[in-house]
Structure formats: structure tokens, C-alpha cells
Amino acid sequence: MTLEETLYALAAQTRRADICSWQVLMNNLSEKDRAAVDKAQERKIPYSIIVKALRTEGHNTSNDSMRAHQKGTCRCQRK
């Protein structure tokens, strides 16, 4: 990610307090990476493995944030 992309991604995160950290991450992933995560979820790959892969690639996320989003108990669902 370039500095410019990072700046805009961080700015988008700050303005969007109505979405959870998992959705912020998904919004900032490339289309290819987002598709890979979606495919992993469709194949019922455990949250822990998806999160570990994302962390390995340098993304800051947790099992809890992914689980909350998938179960509909995150900030996104409380609008």
C-alpha cells in the first residue's frame, strides 16, 4: 500500500464510526483479497485461520471482531 492509500484508508476509518473494525478491514482490502476472504468464509474455513492469514499479510484484526460481524452483533448491525 502506498502512503497515499494508507492516508485515505485511515481517514475513512475515522469517519466511519458506524461500522465495525472487521468491515473497515474488508473495505480497505484489495478486490482480490476481499474475494479470497469471502471464498474462505463460504468454504467454512475457521475464523482463526482466516484471521491468522490476514495477520500474516500485515492486517490488524481479531477472531472476536470477525465473529461479531458474522453473527450480526457488531457495530454495523446497531444502526
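Helix axes are here taken as lines fitted to C-alpha atoms over the stretch in contact, with angles running from 0 to 180 degrees between N-to-C directions. In this predicted model, the axes of α2 and of helix α5, which spans residues 63–71, come within 8 Å and cross at roughly 95°. Because angles of 65 to 115 degrees count as roughly perpendicular, α2 and α5 are described as roughly perpendicular to each other. On the α2 side the contact is made by Ser21, Trp22 and Gln23, and on the α5 side by Ser65, Met66, His69 and Gln70. The residues of this contact of α2 with α5 divide into two nonpolar and five polar, with no charged residue.

Helix α2, residues 21–28, also packs against helix α3, residues 31–42, their axes coming within 8 Å and crossing at roughly 130°. That angle makes α2 oblique to α3. Here Trp22, Met26 and Asn27 in α2 meet Arg34, Val37, Asp38 and Gln41 in α3, and the residues of the contact of α2 with α3 divide into three nonpolar, two polar and two charged.

Two or more residues of the lining are given by each of α3 and α4, the latter spanning residues 47–56, and the largest share, four residues, comes from α3. By residue class, the lining of the second largest pocket divides into seven nonpolar, one polar and two charged.

Side chains of opposite charge can pair when their charged atoms come close. A search of the whole structure finds one salt bridge, and a salt bridge is formed by Asp64 with Arg67, the closest N and O atoms being 3.2 Å apart. Both Asp64 and Arg67 lie in helix α5, where they are three residues apart, or about one turn of the helix.

Notes:
Residues are numbered from 1 along each chain as its sequence is written. This is a predicted model: local features need pLDDT of at least 70, side-chain atom pairs count only at pLDDT 80 or more; totals for chains, interfaces and linings use all residues. Side-chain values use heavy atoms; hydrogens and water are left out. Angles under 35 degrees count as roughly parallel, over 145 as roughly antiparallel, 65 to 115 as roughly perpendicular and the rest as oblique. Contact means heavy atoms within 4.5 Å. Ala, Val, Leu, Ile, Met, Phe, Trp, Tyr, Cys and Pro count as nonpolar, Asp, Glu, Lys and Arg as charged, and the others, Gly among them, as polar. A salt bridge is a side-chain nitrogen of Lys or Arg within 4 Å of a carboxyl oxygen of Asp or Glu.
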